[in-house]
Structures are given as structure tokens and as C-alpha cells.
Amino acid sequence: MRGLGDHLSIGERIAFYRKRRGYTQEVLAGLVGYSTDWLAKIETGRRKPPRIDMLAELSRILRVPLGDLLGQTVLVEDERQQDDVPAVRDALMSPRRLSRLLFGREAEVQLPTPAPVAVRVEQAWNDYQGGRLGSVIAALPALLQTAQELEERAARRGEDRSDCWAVSARTHHLAATTLAKIGESDISWLAAERAMQAADESDDPLVLASAARSGTHALLANGRYDDALELGNAAAAWLSSRGARRLPAALSQGGVFKLGAAWWAPPQP
């Protein structure tokens, strides 16, 4: 990813984040109590930028730091100058996610199997660890859609049911962590919730403990430090109570939560 840069005007920045948030000019203008024409002229530079109090209100509604509207560099685009966050939002907020009964596929429809999807998800995780966040964001819409299809496969109670849920949890964990890192705190929480729901269904303590990390990232991105601490402690205690602490992976997960607790805990008087 690269920075949005300082070459854009305040109006162009407002337009960028408005589109990224999924608002039309009419909707955003209405939320701040002005006309669509007023906003259109600001975005195109035909009118001076709003006063600082109005910029603060716009930043609140668009859920971006005020500094981002004023011109501080933020990470939003990949090397091709594309921003795929709206597509990630669409994948997470698809109406098909609301009801499997309403939108469930016919029994004869071919659904993906978990093993090849797991490989793709781990490749995306490698991109995340390597700092190639633009590549991760670009891959997430398709991965999230495939994760939903795995959940539909799991609902048919096949022998790979647990694996389907585990891969979905891993996918949504990636989405939550990536979105939190780039400041998309609201949909980061949505992805984290989906990760933990899928992990619950997997019946795998390690999958649930890993997904809980996405919850802590999302809570931290939303400024909920006490809640992040509570979740981290609960996950560590739950993992220990299941006897999984003897496994190397469980020891690693427990160590992550303990380290996190040391960072998130408020200082003692």
C-alpha cells in the first residue's frame, strides 16, 4: 500500500472517504444539514473548504481522523492506486449473510472444499505479515465470499464441517486484523464477530483462541481497551481450562494474550 498523499485537496479527500464509506453526496450532505450542491462544489473545488468545526463533523460522520481530511498521509491504496475497501465492506455486509434459509443455495450447487481455500487464506496471511496490505485488501472480497460458501457447506453437516468453519474463522480473522490496521474500525469489529462465530462452530479450542485475537484487535481499533483486556484474559483462561495448554500452538496463543494484557492493562497507581 502507499499513502493517499498530500496532492489531493480537502474536497477531494472528503469525496474519497465519502465513497469509501458508501455514501452518496445527497446522503452525506443531508447528515450535516447542507444541500447536495454545497457538497458537490466543495468536493470539486468550486467552493472553499468548510470551516474547521464542519470538517470535524464530517470526520466524525465519515469515521476518519480529522487529520486525514486535512492532508496527513494515510495508507489506503495499493501499488495500482486502487482502493478495494468498499468491496470488502460489500462482502461483509452482503444481504446473503443475514439468513441461510432465505439465501441458501440449492443442494446440487457445487460448493468449495476447505483445503484449497485454506492455502489461499494462508497466502494472504503471508502478504499481511510481509506488509503487503494492498494485496490483502484486494484478495479479501473473494476470500470472504468463499468463506460464506464454506459455511453453507458446513451447514449440510458434511464430514469436513469443522474444517469449513475453521477456514471461515481464519479468513474473517485476517479481515478483522487488516481492517483494524488501516483504520476501518467499524467493519473490523463486524469481521471479528464473524470470525468468533465461525470459530465457535468449529469446536476447535485453538481456532477459537486464534479468532479471539481478531476480537482484541477490533476492540483496540475502536478504543475499547478494557474490553480488549477482558477478552484476552477470557480467551487465555478458556484455553487453559480445556487442557490445550500442553500443545505448542496453545502455549503460543496463551503467550500472545499474556503479552497483550501487559500492554492493554491500565497503569497501577
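## Close-up views of a predicted model

**View 1. Helix α6 and the helices around it.** The buried residues of α6 pack against α1 (10-21), α9, α10 and α11. The model shown here and in the views that follow is a predicted one. Within helix α6, which spans residues 85-92, the buried positions are V85, V88, R89, A91 and L92. Seen down the axis of α6, these buried residues fall within an arc of 160°, so they line one face of the helix. As a general point, an α-helix has 3.6 residues a turn, so residues three or four places apart point the same way.

**View 2. Helix α8 and the glycine that follows.** The buried residues of α8 are P114, V117, V121, A124, W125 and Y128. They cover an arc of only 105° around the axis, and they are therefore on the same side of α8. Helices α9 (133-155) and α10 (161-181) are included in what covers these buried residues. Helix α8 comprises 16 residues, 114-129, and from its first C-alpha to its last it reaches 22 Å, close to the 22 Å expected at 1.5 Å a residue. Just after α8, G131 takes a positive phi of about 80°.

View 3. T171 counts as buried because its relative accessibility is 0%, the cut-off for a buried residue being under 20%. When residues up to four places away in sequence are not counted, T171 touches V121, L140, L143, L144 and A147.

**View 4. A29 in helix α2.** Residue A29 has its place in helix α2, which covers residues 25-32. With a relative accessible area of 1%, A29 is buried. Leaving aside residues up to four places away in sequence, A29 touches Y34, S35, T36 and L39. A29 and L58 are 29 residues apart in sequence, while their C-alpha atoms are 9.4 Å apart in space.

**View 5. D203 between two helices.** The loop between α11 (185-202) and α12 (205-221) holds D203. The phi of D203 is near 60°, which is a positive value in a residue other than glycine. In general, most residues other than glycine have a negative phi. D203 is exposed, with a relative accessible area of 64%.

**View 6. The largest pocket.** The largest pocket holds about 220 Å³ of space and is lined by 14 residues, of which R96, R97, L98, R100 and E151 lie nearest its centre. Helices α7 (100-103), α9 and α11 each supply at least two residues of this lining.

**View 7. Confidence along the chain.** The protein averages a pLDDT of 80, and 81% of the residues score at least 70. Confidence is lowest in strand β1 (residues 2-3), where the mean is 40, and highest in helix α3 (residues 36-43), where it is 95. Over residues 1-5 the pLDDT is below 50, and this stretch has 26 contacts in the model beyond near neighbours in sequence. Over residues 246-269 the pLDDT also stays under 50, and for these residues the model has 31 contacts beyond four places in sequence.

Notes
Residues are numbered from 1 along each chain as its sequence is written. This is a predicted model: local features need pLDDT of at least 70, side-chain atom pairs count only at pLDDT 80 or more; totals for chains, interfaces and linings use all residues. Side-chain values use heavy atoms; hydrogens and water are left out. Helices (H or I, at least four residues) and strands (E, at least two) are DSSP runs, numbered from the N terminus. Buried means under 20% relative accessible area, exposed over 50%, partly exposed in between (1.4 Å probe, protein chains only). The expected span of a helix is 1.5 Å times one less than its number of residues. The arc is that of the directions from the helix axis to the C-beta atoms. Contact means heavy atoms within 4.5 Å. pLDDT is the predictor's confidence in each residue, from 0 to 100. On a 1 Å grid over the protein atoms alone, a cavity is a set of points where a 1.4 Å probe fits but cannot get out, and a pocket is an open set with protein on both sides within 12 Å along at least five of seven lines; lining residues have an atom within 4 Å of a point. Grid points are joined across faces, edges and corners, and a volume is the space filled by probe spheres set on the points.
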